[in-house]
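Colleague: Please walk me through this model, from its overall dimensions to the pairing of its strands.

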Amino acid sequence: MTELRWGIQGTVLKNVPMKRYTSMKVGGPVQYLVYPLDEGDLLHVLKVLKEDGIKYRFVGNGTNIIVNDNGLNEAVIRITKIRHLKYRKTRDGASVEVSGGTSLKRFIKDHAQRGFSGLERLFWIPGTIGGAIKMNAGSFGSSITDVLENIRVLDARGDITTFARKDMSFGHRTSPIKASECVLSAQFYLKERDKKEITEEMKYVYGERKRRHPMELPSSGSIFKGVNGEPSWKFIEKAGLKGFRIGDACISEKHANFIVNLGAATAKDIKMLIEKIKKEVFEKEGVSLKEEVELWGFNG
Ligand SMILES: Cc1cc2nc3c(=O)[nH]c(=O)nc-3n(C[C@H](O)[C@H](O)[C@H](O)COP(=O)(O)OP(=O)(O)OC[C@H]3O[C@@H](n4cnc5c(N)ncnc54)[C@H](O)[C@@H]3O)c2cc1C
């Protein structure tokens, strides 16, 4: 294999196990893990990959993906080193532009400290801004797109387009953003609110998460989407599957829609457990569960 001439300021890691970059702590190596340092670097990376015919994907904090144990013969691009955050005061709050690789948690803490409100109900979702928009992440009745103004998207041709939220259709944990597209940055409108009130709400959300979710063990959050407004954990619990395990992949006793890694789980164990849950829930309750989590590299 010939050595690629990256010619970028950022970093290129080779043969990196994805278990280090996913919250489930499973997954084999990818050919390249690339960290562009700025948008110019990112454009250059896409050009190099295209010229060499190498497939690529974008990853944020890896909190909604499960990568196959054999890994992927592809490049994975992380834009977490491209950072910008710009506040513009409005009549009753702020319009804020933030880079796509920014941690959602850090962003929420930052604007809370400035007395701006809008995303506190999403506090402690462990993803990045880009990953959260792609997944239309949400919790406690709010979703990231509720206060979104627009996003800047880089497409596979290397073109950058700004899309207004009102012209985009987001669904339950779905978005129109394609796998080949990168959310470079997003603009949110936030309202002024008493800092104490914001902090109280964030504390409440964090407390509820700790109470309801198995935060002490590696996981990918909810495995399945809700069904007709009903949370999936209800069906899994009713099917008597809490605590069921394959290898070290286990259906959490605390929250039946979480699969936790008890230590040495493999992606194969997790995939088998997902199939088992789908089969049992369908047979016992006639309900078809659909994955919220993305499974990478399992085809064939
Ligand atoms: C303990 C725990 C709790 C969770 N709680 C919630 C919750 O309450 N609500 C909820 O909705 N989710 C929850 N999640 C799931 C997950 O955190 C969210 O889906 C999150 O938004 C994913 O962000 P990420 O950066 O980790 O994305 P990744 O997992 O890295 O990627 C997810 C998808 O986004 C794409 N992507 C990533 N970055 C970009 C980008 N810049 N541009 C374009 N596409 C991109 C990836 O290609 C992939 O398709 C939880 C997960 C865990 C582990």
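Colleague: What radius of gyration does the protein have, against the value for a compact globule?

Modeller: The model is predicted. Its C-alpha atoms fill a box of roughly 60 × 50 × 30 Å along the principal axes. For 300 residues, a compact globule would have a radius of gyration near 19 Å, and the protein agrees with this, at 20 Å.

Colleague: Among contacts between residues at least 6 apart in sequence, what share joins residues at least 24 apart?

Modeller: The protein has six helices and 18 strands. Contacts are counted here where C-beta atoms, placed from the backbone, lie within 7 Å. Of those between residues at least 6 apart, the share that joins residues at least 24 apart is 66%.

Colleague: How many charged residues are on the side of domain 2 that touches domain 3?

Modeller: The protein is divided into domain 1 (11-78), domain 2 (85-210) and domain 3 (214-296). The centres of domain 2 and domain 3 are 27 Å apart over C-alpha atoms. Their contact takes four residues from each of these two domains. On the domain 2 side there are no nonpolar residues and one polar residue, and the charged residues number three.

Colleague: Which strands are at the edges of the open sheet of four strands?

Modeller: The order in this sheet is β1-β2-β5-β3, with mixed pairing. From one strand to the next the twist averages 30 degrees. An edge strand pairs on one side only, which holds for β1 (11-17) and β3 (56-59).

Colleague: Which residue in β2 is the bridge partner of P17?

Modeller: Strand β2 (residues 29-35) pairs with β1 in the antiparallel sense, over six bridges. The bridge partner of P17 is P29.

Colleague: Which residue in β13 stands opposite V96?

Modeller: Strand β7 (residues 93-99) runs antiparallel to β6 (residues 85-89), and five bridges join the two. The hairpin between β6 and β7 passes through three residues, and R88 stands opposite S95 of β7. β7 also pairs with β13 (residues 182-192), again in the antiparallel sense, over seven bridges. In that pairing, the residue opposite V96 is F188.

Methods: Residues numbered from 1 in each chain as written. Predicted model: local features only at pLDDT ≥ 70, side-chain atom pairs only at ≥ 80, totals over all residues. Domains from an automatic or database assignment. Nonpolar A, V, L, I, M, F, W, Y, C, P; charged D, E, K, R; others polar. Rg over C-alpha atoms; globule rule 2.2 N^0.38 Å. Pairing = 2+ DSSP bridges. Axes fitted to C-alpha atoms, helices over the stretch in contact; angles between N-to-C directions.
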